[in-house]
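This briefing covers aromatic ring pairs and charges over rings. The model is shown here.

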Amino acid sequence: MTNNQQHVVTLPPQQLFVSYTPDVVVVGGGASGIAAAIAAARNGADTLLIEQRGYLGGMGTAALVPAFCPYTDGEKPVIRGIGLELLEKMKQAAGEGFLARYKDQLDWVPIDVETLKLVYDEEVQASGAKLLFHTVADQVLLDGDRISGLVISNKSGRSVVQAKLYIDASGDADLAALAGVPFQSGGEQGELQPGTMCYVVTGADQARFHQFLQVSGQAPSLENSVMEAQRNGDLPDGRKKISGLAWITETTVGFNFGHVFGIDGTKAEDLTRAAMEGRRLIKEQIQFLRKYVPGFEHIHLVHSGDQIGIRETRRIQGDYRLVVDDFMTMRSFEDDIARNAYFIDIHLANASTTMQVKHLPRGKSHGVPYRCMLPQGKSNLIVAGRSVSSDRAVQGSLRVMPNCFAMGQAAGVAAAIASLAGSGFRAVPIRELQRKLIDQGAWLGEHPGIAEAAEAEAVSAIVFDTEN
Ligand SMILES: Cc1cc2nc3c(=O)[nH]c(=O)nc-3n(C[C@H](O)[C@H](O)[C@H](O)COP(=O)(O)OP(=O)(O)OC[C@H]3O[C@@H](n4cnc5c(N)ncnc54)[C@H](O)[C@@H]3O)c2cc1C
């Protein structure tokens, strides 16, 4: 058996039924797609959300990423709107114990995965958006600079979705790539951040673990245990830090630990190898935790990711490319649709290099312009989430779930505006978009232009209405 891409077969012409004709179709039900679908539907668009799995959440549920990255800049929430609503709903739904622990926390809140799946189902349905699970979008039909249809495959067969506006929230910019939008992947040598197979264990003893940290001096003690195990050959070389240790209850913990190198998340063969390598690593890690870390002697593995966690694949070329200088100078833009305060967090591409981390000062953030989501050459397609147009460093920061919620919400509101106007995404009046986002809870910063201009435009819109 080979994976020989030189041999091709020509398929016979096919006639497919048109299965759905929504105003807006969202492909991908991760953080960005969930927020996009809710926002589009709440703003009056007939919206369909397509997801290849049987539940929503993307990396946060399918790959068991154990916690939400910070919503704040260290002083105040930067990510608000739909993303913050969903976080609070999860806390409320996760039960009294969880709520008591995390009620006032906005940064690094652990993910209670089954609760979160249900919250996402309920909130998307409540918005009026329709859901179609177990469905893959695998072909786009083009008409000049427009997408005229999306071919989907599921147990019902293949069919075409004809929408006015298309939101690519696949995390991998699948639609954009299928539509021929140019993109980059990884670093200069094509190197990609590693994947991680996350998992959840039960039977841990949080009190005992915290006592161990107190006695031996917090996090370095854990790194010492990792290094000792690496020296003894009980763990492979590489990542020293157990960064994502998230206590869901006093006995149940989610882990983001270890790396699988050299995988491209847009290749099925790489994902297959990584799934198996990831599970093998977990086995070693469980043995390590039981042997070296007090509080974990009796842990039991209950769940590993349905797939390896993928940190980066494609970054589209959009109308603007957000670059590290914009991040470092905390730049604001006239067309900001979100603010980002999360640090640049690029994981090592192989076991012998180091992580690259750059923080902004507390209380500071930079703007995320609308143009980053507009793929070159396509008028009715927008991309939200970890594959928007940026350099690699900025992708290492923008990629986290709170930011994806914020970008998704903006894409959804923009789609609803464009649908009503019968226009493409570039014709969306930016002030109207910003005003709606602010009205609907998003925070676009204290950048003076936006709030004031949005207000001024609201006034002129009212005057115009009365004259009409
Ligand atoms: C190991 C790891 C640890 C991380 N740690 C954190 C953390 O602690 N906190 C944090 O906030 N973020 C973290 N992140 C980052 C974050 O989880 C992701 O970057 C984020 O989920 C991206 O959101 P998204 O909506 O762009 O894409 P995704 O979450 O990847 O969602 C994309 C969705 O689209 C679906 N899909 C893809 N292609 C198709 C298709 N063709 N047809 C139909 N459906 C499709 C997928 O099934 C998926 O549900 C981590 C990521 C990884 C991998």
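The structure holds 15 aromatic pairs. Rings of Phe, Tyr and Trp (its six-membered ring) pair if their centres lie within 6.5 Å; planes under 30 degrees apart count as stacked, over 60 as edge-to-face and the rest as tilted. The model is predicted: local features need pLDDT of at least 70, side-chain atom pairs count only at pLDDT 80 or more, and totals for chains, interfaces and linings use all residues. Residues are numbered from 1 along each chain as its sequence is written, and side-chain values use heavy atoms, with hydrogens and water left out.

**Phe 68 and Phe 405**
- The ring centres of Phe 68 and Phe 405 are 6.1 Å apart and the planes lie at 40°, so this pair is tilted.
- The pair joins distant parts of the chain, 337 residues apart: Phe 68 is in strand β4 (residues 67-68) and Phe 405 in helix α11 (residues 401-421).
- Helices (H or I, at least four residues) and strands (E, at least two) are DSSP runs, numbered from the N terminus.
- Phe 68 has a relative accessible area of 1%, so it is buried.
- Buried means under 20% relative accessible area (1.4 Å probe, protein chains only).
- Phe 405 is also buried, at 1%.

**Tyr 342 and Phe 343**
- Tyr 342 and Phe 343 form a tilted pair, 4.3 Å centre to centre with 35° between the planes.
- Tyr 342 is buried at 6% relative accessibility, and Phe 343 is buried at 16%.

**Cluster**
- Ring pairs link Tyr 199, Phe 209, Phe 212, Trp 247, Phe 255 and Phe 296 into a cluster.

**Charges over rings**
- The charged end of Lys 117 sits over the ring of Tyr 55, 4.2 Å from its centre.
- Arg 314 lies over the face of Phe 183, 5.1 Å from the ring centre.
- The cut-offs: NZ of Lys or CZ of Arg is within 6 Å of the ring centre and within 35 degrees of the ring normal.

Methods: Buried < 20%, exposed > 50% of the residue type's maximum accessible area, 1.4 Å probe, protein only.
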